[in-house]
Amino acid sequence: MSGPREPRVPILMYHAVAKAPNDATRALSVTPEAFSEQMALLSGSGFSPIGTADLARGWRTSGPLPERPVLVTFDDGYEGVHRHALPVLAEHGFAATLFVSTGWLRGEHDTGGGLDEMLGWDQVRELAAHGVEIGGHSHTHPQLDQLSDDALRFELLRCREIITAELGARPASFAYPYGYSSRRVRGIVREAGFAQALAVGNALARRRQGPYALRRVTVRRGTGIEEFEGLVEGRSIARTFARDRALTKGYAMVRRVRQVRRKAIRSRV
């Protein structure tokens, strides 16, 4: 006799929420109206949004989770998360997680890499005060698996240090820039003090993926409400993201070749 089916949890990955995003962020943005409609669907369908740390803690300890858990996550730190998303989240009483690239946010730590209008730290603090979990997303948003160990540790520790200083609490959760990781990256993320980390993968999250490789599904400007409903219900995900997965596999091969070449060059020096 087979055991109970392992629960699958939709972890939604958002970026910008904006009326008029720039070209760099348009594809991975959603309009404020679409975000509001999507959150209303979650509420009406009985989903219970929780934080990233809450899900990982529940799975790590076999603790209870609410009925129909779902995660609402935002990457990078775009200003529209505060302007447009926060009022909707507050209206429904929803938890969420914001993963910030600390060098992209406005303020003294800004390295100038932000792709559009970014949050300032006062806004991040207000989001945290409203129950939004603040997680790390590196300092300058590089491709982590392409970095040396020292450079990788700097990106992680600098990000953690800034968040801790600005908010008074260490971030527990991390999201990989570009969604990529490797065994080496995951190990160093753990060493840096993060208790769990999210990839992309465009699949529902399962406990067996492990706390450092939980998968998310991408919500973008072209995601209509029927497609969105299919994503959170776990329907047609493979078909929806078939092209994305093919591109990801091809790019992963390119990245492996680059890593081999860099190792060969270093060995000659």
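Helices (H or I, at least four residues) and strands (E, at least two) are taken as DSSP runs and numbered from the N terminus. The structure is a predicted model, in which local features need pLDDT of at least 70 and side-chain atom pairs count only at pLDDT 80 or more, while totals for chains, interfaces and linings use all residues. Residues are numbered from 1 along each chain as its sequence is written, and side-chain values use heavy atoms, with hydrogens and water left out.

The chain has nine helices and 12 strands. Of its 269 residues, 47% are buried, where buried means under 20% relative accessible area, exposed over 50%, and partly exposed in between (1.4 Å probe, protein chains only). Contacts are defined by heavy atoms within 4.5 Å. Among contacts in the chain with a separation of 6 or more, 65% are between residues 24 or more positions apart.

Strand E12 comprises residues 214–218 and includes Thr218. Thr218 counts as buried because its relative accessibility is 6%. Leaving out residues up to four places away in sequence, Thr218 touches Met13, Leu28, Val200, Asn202, Thr223, Leu231 and Phe241.

A salt bridge is counted when a side-chain nitrogen of Lys or Arg lies within 4 Å of a carboxyl oxygen of Asp or Glu. By this rule the count is 10 salt bridges. One of them joins the side chains of Arg216 and Asp75, at 2.9 Å from N to O. Arg216 belongs to strand E12 and Asp75 to strand E6, so the pair ties together parts that are 141 residues apart in sequence. Both partners are buried: the relative accessible area is 0% for Arg216 and 2% for Asp75.

Asp76, also in strand E6, is buried yet has no salt bridge. The side chain of Asp76 does make a polar contact of 2.8 Å with that of Tyr78. A polar contact is a pair of N or O atoms within 3.5 Å; within protein, one must be able to donate a hydrogen and the other to accept it, and residues adjacent in sequence count only if both atoms are side-chain atoms. With neighbours within four places in sequence set aside, the contacts of Asp76 include His15, Phe99, Trp104, Met118, His137 and His141.

Helix H3 covers residues 80–92, and its 13 residues should span 18 Å at 1.5 Å a residue; the end C-alpha atoms are 18 Å apart, which agrees. The expected span is 1.5 Å times one less than the number of residues. A kink of about 40 degrees lies at Leu86, shortly before the proline Pro87, the bend being the angle between axes fitted to the seven residues ending there and the seven starting there. The buried residues of H3 are Gly80, Val81, His82, His84, Ala85, Leu86, Val88 and Leu89. Their cover includes strands E3 (16–17), E6 (69–76) and E7 (96–100), together with helices H1 (32–44) and H4 (121–129). Just after H3, Gly93 takes a positive phi of about 70 degrees.

Leu98 is placed in strand E7 and counts as buried at 0% relative accessibility. Beyond neighbours within four places in sequence, the contacts of Leu98 include Phe74, Gly77, Leu119, Leu127 and Val132.

In helix H4, Arg125 and Asp122 lie three residues apart, about one turn of the helix. Their side chains form a salt bridge of 2.7 Å, N to O. Arg125 is partly exposed, with a relative accessible area of 31%, and Asp122 counts as exposed at 59%. A further salt bridge, of 3.4 Å, N to O, pairs Glu191 with Arg153. Glu191 lies in helix H6 and Arg153 in helix H5 (residues 149–167), so the pair ties together parts that are 38 residues apart in sequence.

Positive phi values also occur at residues other than glycine. Arg68, in the loop between helix H2 (52–61) and E6, has a phi of about 50 degrees and is partly exposed at 33% relative accessibility. Tyr178, in the loop between strand E9 (173–175) and helix H6 (183–191), has a phi near 65 degrees.

Note on methods:
Lys, Arg positive; Asp, Glu negative; His and termini not counted.
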